[in-house]
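Visitor: Please take me through one part of this model in detail. I would like the sheet, and the rings and helix that go with it.

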Amino acid sequence: MSYVVLARKWRPQRFEDVLGQEHVTRTLRNAIEADRVAHAFLFSGPRGVGKTSAARILAKALCCTAGDGPTPEPCGQCRACQEITEGRSTDVFEIDAASHTGVDNVREIIDNVRFLPASARFKIYVIDEVHMLSQGAFNALLKTLEEPPEHVKFVLATTDVHKVPVTILSRVQRYDFRRIPGPQIVERLQQILNRERVEHDPAALHVLAREAEGSMRDAQSLLEQVRAFAGDRPLDAGLVREALGVVDGRLLRETLDALLERRPGDVFDRVAEVHGRGLNLVRFTEALLTDVRDLLVARLVPEPAASLDRPADEVEALVQRARRTDAATFERLFEQLSRLVESVAESTHPRFALEVGLAAMAEAPPRVDLEALVDRLDRLLAGGGAPQTGNPGGAGSSGSSGSSGGRGRSQAAAGTARRPPAPARSTPSRQAEGSLESGEPEAPARGPTSPPAPAPQPSASRAGDPGAFDPASPPKEVGPSEHAFRRFVARVRSDRPALGAALMQVRPLRFDAGGVSLRCETAFDAETLAKPANRSYLQTQLDSFFADAVPLEVGRGNEEPAAAAADPGKLTLNEEDDAAREARRRDRLERARSHPAVKAVTESLGGSVGKVRLVDDA
């Protein structure tokens, strides 16, 4: 007798032999026992998980002659069971839809289903890879699939159920097969090797199970390949890796250690070793990605053994390594390696792409916790200190006397706004540019020549403190009440941004310990403040802000509270901010127009300053 490969020799012959599909086998067994077997089934799932094997077992269960009728435990000894097992039954047809895609092939099935089975109890059609049928073939099959003769059963199998028309899905019972867990694959491989009397190391079976990716047939085929490579030698993990071209665990550990310890030079040595051994660079990068994922699982999951297809000793080693690094670092490495896998796969020079990509990851600066930096900045501001960033005096430019808007904002955030700005320097190389065009001037960028802003309150610095507004040059005099209201809104915005945004558009007619009167200009803001939860929250915050019970009164439009009717010219905080920005814009424009160099240009060309842009040569 010719040699039979392991995948065929050890094919499951009973429902209980089908690994990892208990939800399917239990349902089929119960249906057979209750004599409620459907006329058509659809088995879908990944490759090599038992779809065709389950179809054959179902055929034997329906046709077994050991009992009076279908049985969930086929004997495997009767003529019908043996013919189905050996694939020579005249009543069980296994059809490959990939090579029988047309309407004529389906018409042949339709013509044959009318005849009774030759010897078995049922005539069973197993159509593998059914999604390969053409649309016409599917349509031709519909009627027969919906109402077949009583002696006919259909079992359809596919690895891509999304390509099967819904008209077919609605006529069959669908069973979704799952990937087989790694431990079950290892257990079955160990049973096979024990029966085959092959010496082996359990660690080698774990390598095979990982490479099989949930497919029992793939695992058996890989085992067949490894046995041919090993000859008479016992199977161990190193031999399996060598036979299959799997990346050595040592290489992976050393490469990851080089990335985590920021040693880019060692990365080139590891990649050179991988390239010299002829290993696939894409698979090496994917193996690094898998190891980073496993390290993250070991770092975050209290019991990682259930989520890792690894032996117990490897899981313990992963846990020990993962404890030395924070989870955020693993997450960053995973994201970068995911992009690197695609880059190496698409590159015409994969080795160089891998080397440069890994070296860049190893050279990346250590992660800085933004929250810790903000907390440190808050403590410095609360203690009166001011970290020095950029030019501490605020670099001036002639005409507009300012650096770039970004630098001005960073200095204000760092506390430099506590110091008065440096006098403007009249330097031609740093002068404000004026475009000689007529029309309304455009708003320029903000610079440190603006009047100094008060230091932001630490409690609101993370939520966009409204106190960052510069009140030193407002369009009208701002009294203590407005300052207090701005601080109160900053507190609310740090806790409830949406409610704080509504308060930015409310006119504070009165805001002191004697009472608070607010006027809403829009119905949306009025409804927002009128909500019981928001009003109760505001009342609680006001009582805490003034350290006393403060009456709160909210009006809408012209229906302003009587207590505030004396001052109808109050502005909202948004309006104050806009007015202050407009004042600063006009001030910069006037400064630019008065600059000698700008005057000379405008007089010689007969133009005017249309806009001002701040220039920073730093």
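Guide: Two strands pair if DSSP finds at least two bridges between them. Strands are DSSP runs of E with at least two residues, helices are runs of H or I with at least four, and both are numbered from the N terminus. The model is predicted: local features need pLDDT of at least 70, side-chain atom pairs count only at pLDDT 80 or more, and totals for chains, interfaces and linings use all residues. Residues are numbered from 1 along each chain as its sequence is written, and side-chain values use heavy atoms, with hydrogens and water left out.

Five strands form an open sheet in the order 2-3-4-1-5, and their pairing is parallel. Strand 2 (92–96) and strand 5 (173–176) are the edges; each has a single partner strand, so one side of each lacks a neighbour in the sheet. From one strand to the next, the twist averages 15°. Angles here run from 0 to 180 degrees between N-to-C directions, and axes are lines fitted to C-alpha atoms, for helices over the stretch in contact.

Next, strand 1 (residues 40–44). Strand 1 runs parallel to strand 5, and four bridges join the two. Within this part, Phe43 stands opposite Tyr175 in strand 5. Phe43 is buried at 0% relative accessibility. Phe41 is buried too, with a relative accessible area of 2%. Buried means under 20% relative accessible area, exposed over 50%, and partly exposed in between, using a 1.4 Å probe and protein chains only.

The whole structure holds 12 aromatic pairs. Phe41 and Phe43 make one of them, a tilted pair with 6.4 Å centre to centre and 45° between the planes. Rings of Phe, Tyr and Trp (its six-membered ring) pair if their centres lie within 6.5 Å; planes under 30 degrees apart count as stacked, over 60 as edge-to-face and the rest as tilted.

Tyr125 and Phe154 form a stacked pair, because their ring centres are 5.5 Å apart and their planes stand at 20°. This pair links distant parts of the chain: Tyr125 belongs to strand 3 (residues 123–128) and Phe154 to strand 4 (residues 152–158), 29 residues apart. Both Tyr125 and Phe154 are buried.

Last, the helix. Helix 3 (residues 51–63) lies across strand 1, strand 2, strand 3 and strand 4. Helix 3 runs at about 155° to strand 1. Contact means heavy atoms within 4.5 Å.
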